[in-house]
Structures are given as structure tokens and as C-alpha cells.
Amino acid sequence: MRVFAPSHLHAGNLDLCGDMGRLYGTVGFTLEGPGIVVRVEESDILESNDQHALQALRTLRERFNLRGARVTVERSYPPYSGLGYVTGLYFAVAEGVSRLYGLGLRLEDVALAVRRGLVTALGLYAAKVGGFIVEGGFRKDMAEREVPPLIFRGDIPARWLFIVALPYGPLPRIQRFRASSEDKALSEVREDCGLASRLSRLVLMKMLPGFVEGDIKEFGESLTEFNRLLGLAWSSYQGGTYCCPLVEKGIEIMLKHAYGAAQSSWGPTFYGLTDDEREAERAASEIEELLKANGGGEVLITRGRNRGIEVVDYG
């Protein structure tokens, strides 16, 4: 069978302080594209054309007594690029294996087994329900031992457009950082709790009301400010508000055409939000020129996805 898993965009974390007993909490979006497609077949051994998918199979075998499976990744995008590839892939593999062998696995159980979607549960809820997501963080004494709660989930309006840019130039450096140093960075950062108060207020009093009322201007302004403040908090690791000058310039271009713009996770993916197709196309065109002159990259215009993983083909 073939399984589709959506990508997601990270807007940021609510609380890097933890003085109320919980850490992080995440705001983000589920996207229609780009996405992951995996083909899952019966096998007596574990095999895959993707190292991350193979690791997912090994972990599933240890935890759920899986006999074997063959996973072929047929559509992908770069790992550790800010689009949730590794997390999405793990959940796609687990869903395919569960359906194939009738294991009845819940994604929450998979998250706990494979240790994905626990520090930030955006990827888990994108895979489970899609949409615009706010999750409430994990209790500090339960890190990676519990699933953070979903505290808000809403359908992303069909008219909202995401201009998504993935620069190739900074990607290798960020991939190395994500693979080797991200856990250390997350464990060390404890910012002034005043920042958490500001971020939480931005979400509660501007971002969520703007979303519920369909006010893309108010929502976009809050998204930009929320992401910018977090970028400042992580600047000692990033070297600036964003992961590199290229993304900073890309954000500037986005904001000429969109209501809001942000870097996703550690980057290098960044994105803008608008409901005007012409402005989206103009932004995409300018960003394409920027990336061409700075190591290349990809730009696409896509919409939000209001559902999660699905089996798309039993063939």
C-alpha cells in the first residue's frame, strides 16, 4: 500500500522558560505540499531505500514485535530542512505497517516508541489531524515520556496560501547542526520568562482571535512577531534572528507581498502567508531569483491541509 504524510511548518514555541511546569508548546501548520509518499509491502526482513525509514522499521520491530517490511520512499524532500521530513516519515511508515499487518497502532503510541513528536508535538498532530495546531508542551519531569496535549486545532481557510521556500545553500550546515547538536541546544536554553509571557499573550490575544475570525492580516502580523521574537531568543545558536542572511533577506521579500512571514524551526525553510494569488506569485518569483543567485533552492505555493496521514493506494 501507499501512504501519504503531509509536511508541516513550525512557527515557534510558546515557553522556553518552564517556570509553570511545562516547556515549549508549539504553534504550526499542516501543508498539502510538499508531502511524503511511501510504499509499504510485506517482507520477512526489514528493508528500505531511505536510512530514516529503515531506522523507523528497526524501532518498530523492537517495540511492537514486527516481523519484517519493505518500505520504498517514492516522494520525499530533504531531511532536517524545517518541513518535518523525519517525523512525518516515521509516522507514515508506522501507519503503513500497522495497516498492513493489522496492528492497530495509535500514532501516540508510535510517538512514544520511536521518540518523535514528543519534545514538540506539531509533527504528531499534523500526521493525526492536520490543520492549524497549538499544543501545550510537556511537563518538565516527563520529557519524552508523555505526548504534549493538543490545546487548539482549526481548519486552515481554503483561500489562505503559503509561499514556501527551501534554500539549498544553508541546508548542509543546518542538517549537521540538527543531527548532532539540536538536543544539546534545546536542553541548554532557558530564556527570561518575560519572553514566554509575551509569546503566550501574542498567541492568546492576537493569533488565535485572528485565526478564529478569519482575519489574515491580524494573524499574519502575530505570526511574524511571534517568530521574530523566538529568533532573537535562539540567536546565539543561529547567528542572528534567522538562520542566515539569505533567509533574512527572503523574509523581507515575503513581507512585501504577504501578511506574515516566518522561518520554520531552525530553517532554512521559510514561508509567507497571503490570500492573494497574484501577490503569492510575485513573492515566489522574487524568491526564486534570490535563491538562484545564492546556491539554488525550491519555491512552491501551497495550501493548508486539514487532515493528516492517509492511505492513498492499496495497489
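Predicted model: local features only at pLDDT ≥ 70, side-chain atom pairs only at ≥ 80, totals over all residues.

Biologist: What makes S1 and S2 a pair of strands?

Modeller: Two strands pair if at least two bridges are found between them, and strand S1 (residues 2-15) and S2 share 11 bridges in the antiparallel sense, so they meet that condition. Within this pairing, Leu-9 has Phe-29 in S2 as its bridge partner. The two strands form a hairpin with six residues between them, and Gly-18 in the turn has a positive phi of about 85°.

Biologist: How do you know that S2 and strand S6 pair, and how many bridges join them?

Modeller: Two bridges join S2 to strand S6 (residues 138-139), and the condition is at least two, so the two strands count as paired, here running antiparallel. In this pairing Leu-23 stands opposite Phe-138 in S6.

Biologist: Which residue is the bridge partner of Phe-29 in S5?

Modeller: That partner is Phe-132, and strand S5 (residues 132-135) pairs with S2 in the antiparallel sense over four bridges. S2 is also joined by five bridges to strand S4 (residues 69-75), again running antiparallel, and there Glu-41 has Arg-70 as its bridge partner.

Biologist: What makes the contact between the side chains of Arg-70 and Glu-41 a salt bridge?

Modeller: A salt bridge needs a side-chain nitrogen of Lys or Arg within 4 Å of a carboxyl oxygen of Asp or Glu, and for Arg-70 and Glu-41 the N to O distance is 3.7 Å, so the pair qualifies. The pair links distant parts of the chain, with Arg-70 in strand S4 and Glu-41 in strand S2, 29 residues apart.

Biologist: Where does Glu-47 lie, and what does its pair with Arg-70 tie together?

Modeller: The side chains of Glu-47 and Arg-70 meet in a salt bridge at 3.2 Å, N to O. Glu-47 lies in strand S3 (residues 46-48) and Arg-70 in strand S4, so the pair ties together parts that are 23 residues apart in sequence.

Biologist: Why is Lys-256 described as exposed?

Modeller: Exposed means over 50% relative accessible area, and Lys-256 has 55%, so the term applies. Glu-286, by contrast, has a relative accessible area of 28% and is therefore partly exposed. Glu-286 forms a salt bridge with Lys-256, the closest N and O atoms being 3.0 Å apart. This pair links distant parts of the chain, since Glu-286 is in helix H11 (residues 277-292) and Lys-256 in helix H10 (residues 245-257), 30 residues apart.

Notes: Residues numbered from 1 in each chain as written. Heavy atoms only, no water. Buried < 20%, exposed > 50% of the residue type's maximum accessible area, 1.4 Å probe, protein only.
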